[in-house]
Amino acid sequence: MAILTLLISLAGATMLLLYAVRMVRTGIERSYGASFQRLLTGRRSHLQAGLMGLILAIVLQSSAAVALLTSGFAASGYLAFPTGLAIVLGGDLGSALIIQILSFKLDWLVPVLLAAGGYLFVKTEAKKARQLGRILMGIAFILISLRFLREAMDPIRDSAFLPAVAGYLARDYVTAFLVGGALAFVMHSSVAAILMCVTLVQIGAIPFAAGLSLVLGANFGSAFIPVWLSRGMDLKARRIPYANLALRGTWAVLCLFGANLALRQGLLGDPQGGQMLVNAHLAFNASLLALALPLCTPLAPLFERLLPQPPAPGTAALPGRPVSALDADTSGPPAQALFSLKRELLRMSDLVETMFQPALELYRSGGKDEIKAVQSVDEEVNACLSGIRKFVADRPAEDIGKDTADQMQGLMEYAIRLETAGDVVAKRLAALAGEKRKKGAAFSNEGWGELVQMHENILANLKLAKNVLVSDDLESARLLSLEKSEIKRAESDSRKRHLRRLQHGAADSFETSDIHLETLRALREFNSHIAAVAYPILYRHGQLLETRLIEDMPKRTGTALVEN
C-alpha cells in the first residue's frame with residue numbers, strides 16, 4: 001500500500017511539474033512569441049547566437065522549445081545550420097541555469113506569486129498582463145510540485161527498498177544513465193526530469209553518484225526530444241536536432257565514464273548534496289558549449305551529406321510554391337470538396353504570408369526589383385480566388401446539401417478577404433515603401449520599433465489563422481479574435497505616440513508622418529482580413545453577435561427621448 005501511495009504521489013507531483021513548465025512557456029509564447037523570429041534570425045557570431053539561445057531557453061523554460069523554433073526557421077531558409085546549432089547549444093546551457101534558479105529554497109515566494117499572478121490573470125483584460133499572470137502562477141506551481149516531490153519521498157526515505165535501488169544505480173552507472181535518459185524523454189522536459197533527480201539527492205533518497213549518472217542520462221535523453229518532435233519537418237530542419245544529439249550524446253557518454261572513474265578513485269573528493277549535482281549539470285553544459293561552438297561550421301557539410309535534401313518531384317513554373325489543390329472533378333463527395341477548398345485556402349494563405357513577410361524590409365532596403373517581386377505574388381493570389389470562385393460555382397447547393405454549400409460559401413468569402421489582404425500589401429504597403437525610398441526619409445527609432453512589433457504580431461496571427469482554418473477550433477478562434485483587438489489597440493497607441501513625437505518637434509517623425517500613419521492603417525486592415533476566418537466559428541458557437549446595434553432604438557423628439 002505504501003508503494004501505491006508513493007507512485008500516486010509521484011505521478012501527481014510530476015504531472016503538476018510538467019503542467020507548470022508548459023504553463024510558463026505558453027504565457028511567454030503568447031505574449032512575446034512574435035518577437036522570437038527577429039531575435040533568432042538576426043545576423044550574429046556563433047558566440048552571440050549561443051548567448052541568444054541561452055536567453056531564449058531561460059525565457060521559454062525549455063531547451064526543446066528553442067530547438068524546435070530554430071529548426072522551423074532553418075526549414076524556412078531564414079537560419080543557417082551553424083547559427084542554428086549554436087543557438088540550440090546555448091539553449092541547453094540556458095535550461096541548466098533554470099535548474100540552478102529553481103533548486104533554491106523559494107517556498108516563501110509561492111503565495112506571493114499566486115496572489116500576484118492570480119490577480120493579473122483573473123482581474124485584468126490586457127493581453128500581456130494576463131499572460132504575465134499565467135507565467136507567475138506557472139512558476140508558483142513549479143515550486144509547489146517540487147515541494148510535493150520532496151514530501152512524497154519522505155515516508156520511504158528510511159525504508160529498505162529505496163536504499164537498495166539507490167545503491168544498485170550507484171554501482172551500475174550505465175543503467176542509471178539509461179534510466180535518466182528514458183525519464184527525460186518520457187517526461188518531454190529535461191528541466192522537470194533533472195529537478196526531480198536533484199530533489200532526490202537533496203533529501204538523501206539516492207547518493208550523489210547515482211544522481212550524477214541520472215542527470216547525464218537526462219541530458220542525453222533531452223536531446224532526443226527535439227529529434228522526435230521534428231520528425232515530420234523538412235530534412236533541412238531536422239539536421240540541427242540530429243547534430244545536437246550527436247554532440248550532446250558523445251559528450252554525455254564521455255563524461256559518464258570519466259566522472260564515475262574519477263569518483264571511484266576519489267579524484268573528485270566526496271561530493272554531496274543537490275547543489276553539487278546542479279553545479280555538475282552546469283559544468284557539463286558550459287563545457288559542451290565551449291567545445292562544440294568551433295565545430296558548428298565544420299559539421300554543416302557532414303550533416304548535409306548524412307541528411308541530403310531530396311529533389312523536388314517535378315519542377316513548377318514557380319519553384320517552391322505548391323500547385324493548386326482544387327480538383328476539377330465535380331463528382332467527388334462533399335467532404336472531399338471541402339477538404340480541397342481548405343487546402344487551396346492554405347496555399348492562398350501561404351502566398352499572402354510570402355508577400356507580407358518582407359513587407360517592412362522593403363521600407364529599409366527594398367529597391368524596385370524587390371517591390372515588383374512582392375507585387376508579382378499578388379497575381380497568384382488573384383488566380384487562387386478565381387479558381388475558388390469557379391470551384392464553388394460548379395457545385396450547386398442541391399447537389400452537395402445546404403450545410404456544405406453554406407460552409408463553402410463561408411470559405412469563399414474568406415478567400416475574398418485573403419485576396420484583399422494581398423492587395424493591401426501589393427498596392428499600399430509596397431507603394432508606401434517606394435514612396436519612402438524616393439523621399440530618402442527615415443523613421444524615428446521609436447516609430448520603426450512600433451511598426452516592427454506590429455508586423456511581428458500580425459505574422460503570428462497569420463499563422464494562428466491558418467491553424468483555425470484547418471482545425472475549426474473554438475479556443476483558437478477566440479484567441480485570434482482577441483488578437484485582432486490587440487492589433488487595434490496597438491495601432492491606436494502607436495498613432496498617439498507618433499502625434500506626441502510630432503508635438504515635441506521630432507524632425508524624423510515629421511518627415512515620415514504620413515507614411516507612418518498610413519502604414520499603421522494598412523497593417524490593421526491586413527490583420528482584420530486574415531482574422532475573419534474566426535467569425536463563422538464564433539458565430540456557430542453563439543459567441544459572436546450579428547450586430548452590435550440596439551434593435552429597439554428609442555425615437556428622438558426634439559431634445560427628449562420617448563419610447564416606441
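Asp107 is partly exposed, because its relative accessible area is 27%, and this residue sits in the loop that runs between helix 5 (81–102) and helix 6 (110–123). Although Asp107 and Arg147 are 40 residues apart in sequence, their C-alpha atoms are 7.9 Å apart in space. These values, like those that follow, were computed from a predicted model. The protein in this model has 24 helices and two strands, and buried residues make up 49% of its 564 residues.

**The protein as a whole**

- Side chains of opposite charge can pair when their charged atoms come close.
- In this model the count comes to 15 salt bridges, and several of them are described here and under the next heading.
- Arg347 and Glu344 meet through their side chains in a salt bridge, with a distance of 3.0 Å from N to O.
- Because Arg347 and Glu344 are three residues apart in helix 15 (residues 334–356), about one helical turn separates them, and both Arg347 and Glu344 are buried.
- Glu491 forms a salt bridge with Arg495, in which the closest N and O atoms are 2.9 Å apart.
- Both Glu491 and Arg495 belong to helix 21 (residues 474–503), where they are four residues apart, or about one turn of the helix.

**A salt bridge between helices, and a network**

- The side chains of Lys463 and Glu353 also meet in a salt bridge, at 2.9 Å from N to O.
- This pair links distant parts of the chain, since Lys463 lies in helix 20 (residues 445–471) and Glu353 in helix 15, and the two are 110 residues apart.
- Lys463 counts as partly exposed because its relative accessibility is 38%, while Glu353, at 12% relative accessibility, counts as buried.
- Lys463 and Glu353 also belong to a network of salt bridges, in which they are linked with Asp350 and Lys466.

**A loop residue with a positive phi**

- Most residues other than glycine have a negative phi.
- Asp472 is not a glycine, and yet its phi is positive, at about 55°.
- Asp472 is placed in the loop between helix 20 and helix 21, and this residue counts as partly exposed because its relative accessibility is 33%.

**A patch of positive charge**

- On the surface, Lys368, Lys372, Arg437 and Lys438 gather in a patch of positive charge.
- Helix 17 (368–393) and helix 19 (402–439) each supply at least two residues of this positive patch.
- Lys372, one of the residues in the patch, lies in helix 17, and at 55% relative accessibility Lys372 counts as exposed, because the cut-off for that class is over 50%.

**A nonpolar patch**

- Val174, Leu178, Val253 and Phe257 form a nonpolar patch on the surface, and together these residues have about 330 Å² of accessible area.
- Helix 9 (173–187) and helix 12 (235–264) are the elements that give two or more residues to this nonpolar patch.
- Leu178 is found in helix 9, and its relative accessibility of 55% is why Leu178 counts as exposed.
- Val174 also has its place in helix 9, but Val174 counts as partly exposed because its relative accessibility is 36%.
- Val174 and Phe257 are 83 residues apart along the chain, and their C-alpha atoms are separated by 8.8 Å.

Key: Residues are numbered from 1 along each chain as its sequence is written. This is a predicted model: local features need pLDDT of at least 70, side-chain atom pairs count only at pLDDT 80 or more; totals for chains, interfaces and linings use all residues. Side-chain values use heavy atoms; hydrogens and water are left out. Patches are made of residues with over 30% relative accessible area and no salt bridge: like charges are joined within 9 Å, nonpolar side chains (Val, Leu, Ile, Met, Phe, Trp, Tyr) within 5 Å. Accessible areas come from the Shrake-Rupley method with a 1.4 Å probe; for residues, only the protein chains shown count as cover. A salt bridge is a side-chain nitrogen of Lys or Arg within 4 Å of a carboxyl oxygen of Asp or Glu. Lys and Arg count as positive and Asp and Glu as negative; His and the chain ends are not counted. The place of a charge is taken as NZ of Lys, CZ of Arg, CG of Asp or CD of Glu. Buried means under 20% relative accessible area, exposed over 50%, partly exposed in between (1.4 Å probe, protein chains only).
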